[in-house]
Amino acid sequence: MEIVGTYVRPGSVAEAEAIQEELRSRLRFAPLAARPSTVAGLDVAYAGDGEGDGLVAAAVVVLDAVTFEVVDQAVSVERPSFPYVPGLFAFREVPALLSALRALRTEPDVLVCDGHGLAHPRRFGLACHLGLLTGRPSFGVAKTPLLPASVPGAERGASTPLLLDGEEVGRTLRTRPGIRPVHVSPGHLVDLDSCVALTLALTPEYRLPETTRKADALSRVTLKEALSATS
DNA sequence: GCGACAG
DNA sequence: ATCTTGTCGC
């Protein structure tokens, strides 16, 4: 798919935070124009640690929004170029994810990211970053909160707001009865209600969206193959 | 000041 | 994220 933005690699934590503060003013939010026909899931698997060593395998899987069948997919294996820092997580994953997205031959209607969007200390999580760089609607579904979260009801679909300065920036959503909820937040070009509805549509059976489940599996096998090819 | 902190 | 045995369940 086409990448419309340019990724800027920060040279320091302070610079990374400044980039987030600057970029967040470009975010736009609105209900999804139409029911998406294809949905992309993104995920990354790691080997090793630091920045110079280690490997990062990014995977993108595009699913038919109705049948969940895979209509396209792409991967990329690179060296991590930024350390893991909570809140700056995107700078570690975005480069490899962009490479994978670029290799896609289709234009997915929405990107589902494995991490946060607006539900972030500076309101600029991974999903926001990827949304801006691709110019496509995007949102995040995270397994653990970055902001204080409260416990929703035990039934599927129950949710509680994720608040930042009194504003609802995301929602803690139960996708499976009695199972740990996920944390959903808009990235770019979607609104919170659309994200939540889509997340529920993508979780007919498991806690996590089918998109991220498939991307997770692909990123792992890709990493494993890359490791065996290197050794 | 100290710890906690998406993946 | 990743490191890991057995174990419960469909």
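Which residues surround DNA strand C? In this predicted model, in which local features need pLDDT of at least 70, side-chain atom pairs count only at pLDDT 80 or more, and totals for chains, interfaces and linings use all residues, DNA strand C is surrounded by Ala45, Tyr46, Lys143 and Arg220, a residue being near a strand if one of its heavy atoms lies within 4 Å of it. Residues are numbered from 1 along each chain as its sequence is written, chains are lettered from A in the order in which they are written, and side-chain values use heavy atoms, with hydrogens and water left out.

Of the atoms of DNA strand C that come within 4 Å of the protein, 100% belong to sugar and phosphate.

Sugar or phosphate accounts for 50% of the atoms of DNA strand B within 4 Å of the protein, and the rest belong to bases. Base nitrogens of DNA strand B are approached by backbone atoms of the protein: a backbone N or O atom of Phe89 lies 3.3 Å from a base nitrogen, a polar backbone atom of His116 is 3.1 Å from a base nitrogen, and a backbone N or O atom of Leu126 lies 3.1 Å from a base nitrogen.

Terms used
A polar contact is a pair of N or O atoms within 3.5 Å; within protein, one must be able to donate a hydrogen and the other to accept it, and residues adjacent in sequence count only if both atoms are side-chain atoms.
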